[in-house]
Amino acid sequence: MSGRVGADVEWKDSDTNSVPSFHQTDDLPYVHKVGKPPKQDLLKEIKTGLKETFLSDDPLKPFKGQSRKKKLVLGFQTLFPILGWVRDYSFSKFKGDLIAGCTIASLCIPQDIGYAKLANLDAQYGLYSSFVPPLIYAFMGSSRDIAIGPVAVVSLLLGTMLREELDPIKQKHDYERLAFTATFFAGVTQFTLGFFRLGFLIDFLSHAAIVGFMGGAAVTIALQQLKGLFGIKDFTKKTDIISVMRSVVQSAHHGWNWQTLLIGVSFLIFLLVAKFIGKKNKKLFWVPAIAPLISVIISTFSVFITRADKEGVQIVRHIEQGINPSSAHEIFFDGPFLAKGFKIGVIAGLIALTEAVAIGRTFASMKDYQIDGNKEMVALGSMNIVGSLTSCYVATGSFSRSAVNYMAGCNTAVSNIVMSIIVLLTLYVITPLFKYTPNAILASIIISAVVGLIDLDAAILLWKIDKFDFVACMGAFFGVIFASVEIGLLIAVAISFGKILLQVTRPRTAVLGKIPRTSVYRNVEQYLGATRVPGVLIIRVDSAIYFSNSNYIKERILRWLRDEEESFKDQPKVQYLIVDMSPVTDIDTSGIHALEELHGGLRKKDVQLILTNPGQTVLDKLHAANFVDLIGEDKIFLSVADAVLTFAPKMEQA
């Protein structure tokens with residue numbers, strides 16, 4: 001409304017669809033009229049919404065105005081980013097990638113053997129998964145720093161879920177086939193999310209839930225390694241902390257092997273000290289990187305010359321030699337295991353995807369470059385699909401190896417290619433040398449690797465910032481260690497969705513007051529100096545108004561009104577209720593119906609409803625529903641200050 005506010009209020013006549021002009025006489029303030037917004041093109045609005053949802057980064061922009069040949073080249077570069085940066089590749093960059101590749105290879109080889117056992121698979125499958133998938137990712141991935149291969153959490157998750165369906169010893173062949181099937185569907189899930197640009201779905205798993213899930217998984221993985229660390233033969237198949245500790249204690253008198261315990265604990269201390277040295281001095285990053293391989297070499301040689309395996313020390317014994325065999329014919333494309341493989345694959349694929357994207361974004365921000373989340377998903381999905389056809393199980397980005405890769409000075413994904421070549425040479429030449437490698441050393445390597453997954457600092461920060469986030473974190477953590485990995489994951493997802501539902505259905509509202517000597521109105525609980533306007537109650541709604549929260553918002557506003565009248569009985573009765581709609585991004589029919597009910601309830605109390613600063617979308621819907629006609633066009637203002645200036649001018653001018 002545009003008119004002079006004073007003893008006589010002059011309303012400027014203008015078409016509500018036009019931009020109002022300003023009129024001023026006698027130096028008195030004017031209030032800007034909030035007219036009916038221009039009619040929006042429904043088709044354009046839908047198109048804009050879809051674009052912002054699925055094509056927010058405008059991936060087709062580079063193709064505009066280009067020739068057909070150039071578009072073809074850009075298409076190949078989009079699918080294979082290596083074609084874009086390889087033209088500027090130099091020998092100096094290769095030196096950095098070569099050093100980084102050799103360094104992460106020394107770390108990944110012993111880890112891969114241990115992680116394969118964590119997934120209840122033979123050791124060679126871990127090495128297979130660090131050969132083919134990294135090669136595929138090097139050509140299709142957009143991250144320069146991420147190191148690809150098996151990881152502890154996914155290995156444990158996969159092993160636990162597969163073991164619920166098949167016995168890894170008695171039904172070994174079918175177990176392996178189910179693992180390949182799950183890997184295939186993990187890749188399909190990842191590829192589909194990326195191809196259809198649905199990557200935003202993984203953001204529904206909150207950071208707090210991931211911190212708790214990873215921490216709980218780390219504890220569970222470490223507990224599982226007590227079998228190898230103590231040399232226990234008869235060990236529980238359950239993963240919860242109570243079952244594991246009971247199994248350890250019950251086998252104390254007859255199941256522990258002191259030679260195994262000595263090897264495991266000694267090298268665990270060595271690995272933890274090496275990790276501490278690398279953390280304290282970043283220049284010594286190579287110390288924790290090569291420590292696992294050194295541990296394997298020394299412990300293997302020690303067992304070989306002492307023949308400790310004859311004294312009960314459990315050893316690897318045999319690793320299949322040679323390149324990855326084809327497993328395309330092993331995947332279950334029909335039968336009862338198809339659905340089971342699909343279910344396990346989807347879950348493992350999403351967890352692997354979440355970890356890889358988080359790692360990629362972390363290191364990209366450290367080097368100040370961008371990665372395309374959807375391209376990453378396509379790359380990860382492609383490498384796992386191809387991996388499932390070449391005897392690999394689910395691979396993803398490893399945080400520990402990626403950190404080493406970053407600190408070793410990698411420049412491009414060529415470091416993954418170098419690592420793959422070294423793993424290939426290992427499969428062809430070195431695998432027989434692992435025959436006498438004790439299981440205890442693999443357990444020590446895994447324990448030292450997963451220690452970094454327990455992020456105490458992040459949990460403390462969650463407690464300081466958001467108690468609900470901390471509850472989500474602890475819920476996921478305790479769900480994993482006291483129940484199972486799947487239960488912990490389910491709790492993490494449930495709490496994440498619970499938080500979203502809580503925020504959507506119970507949005508914040510606030511009472512606003514005037515900041516002295518300004519025309520600014522803010523939350524009276526945040527700004528203690530903010531003063532209430534006599535006879536006026538100002539409420540701000542901090543959310544879109546939908547069917548899920550409209551009734552709550554209406555009742556909460558009425559409750560604010562009752563509380564105001566009870567708390568300030570000595571002040572003038574509330575005559576005007578101003579609802580600041582600045583944060584309200586959208587409203588649906590249920591929301592408008594709630595406003596109509598609010599208006600009706602206020603009229604019975606002789607209180608007028610006033611709206612301020614509704615957005616274009618909201619205002620358009622209010623006009624379409626004739627709500628503006630219901631309350632009167634003169635009850636909608638550009639700002640709270642304008643509304644107060646109209647109905648309580650003495651307060652606004654104070």
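A cavity, as used in these legends, is a set of points on a 1 Å grid over the protein atoms alone where a 1.4 Å probe fits but cannot get out, and its lining residues have an atom within 4 Å of a point. Grid points are joined across faces, edges and corners, and a volume is the space filled by probe spheres set on the points. The structure is a predicted model, in which local features need pLDDT of at least 70 and side-chain atom pairs count only at pLDDT 80 or more, while totals for chains, interfaces and linings use all residues. Residues are numbered from 1 along each chain as its sequence is written, and side-chain values use heavy atoms, with hydrogens and water left out.

**View 1. The largest cavity and its lining.** Two cavities of 30 Å³ or more are counted, and the largest has a volume of about 60 Å³. Its lining consists of L205, I210, F213, M214, I351, T354, E355 and L489, and at least two of the lining residues come from each of α9 (207-224) and α14 (337-366), where helices are DSSP runs of H or I with at least four residues and strands are runs of E with at least two, numbered from the N terminus. Six of these lining residues are nonpolar, one is polar and one is charged; Ala, Val, Leu, Ile, Met, Phe, Trp, Tyr, Cys and Pro count as nonpolar, Asp, Glu, Lys and Arg as charged, and the others, Gly among them, as polar.

**View 2. The second largest cavity.** About 40 Å³ of space lies here, lined by residues including I545, S550, K554, G591 and L598. Helices α22 (550-567) and α23 (589-604) each supply at least two residues of this lining, which has six nonpolar, two polar and one charged residues.

**View 3. The six-stranded open sheet.** The strands follow the order β7-β6-β8-β9-β10-β11, with mixed pairing, two strands being paired if DSSP finds at least two bridges between them. Because β7 (521-523) and β11 (636-637) stand at the edges with a single partner strand each, one side of each is left without a neighbour in the sheet.

**View 4. Strand β9 and its partners.** Strand β9 (residues 576-580) runs parallel to β10 (residues 608-612), joined by five bridges, and Y576 has Q608 in β10 as its bridge partner. Five bridges also join β9 to the parallel strand β8 (residues 536-541), with I538 opposite I578 in β9. Five of the five residues of β9 are buried, so the strand is largely enclosed by the rest of the structure; buried means under 20% relative accessible area, computed with a 1.4 Å probe and protein chains only.

Conventions. 1 Å grid on protein atoms, 1.4 Å probe; cavity = no way out; pocket = protein on both sides within 12 Å on 5 of 7 lines; lining within 4 Å. Buried < 20%, exposed > 50% of the residue type's maximum accessible area, 1.4 Å probe, protein only.
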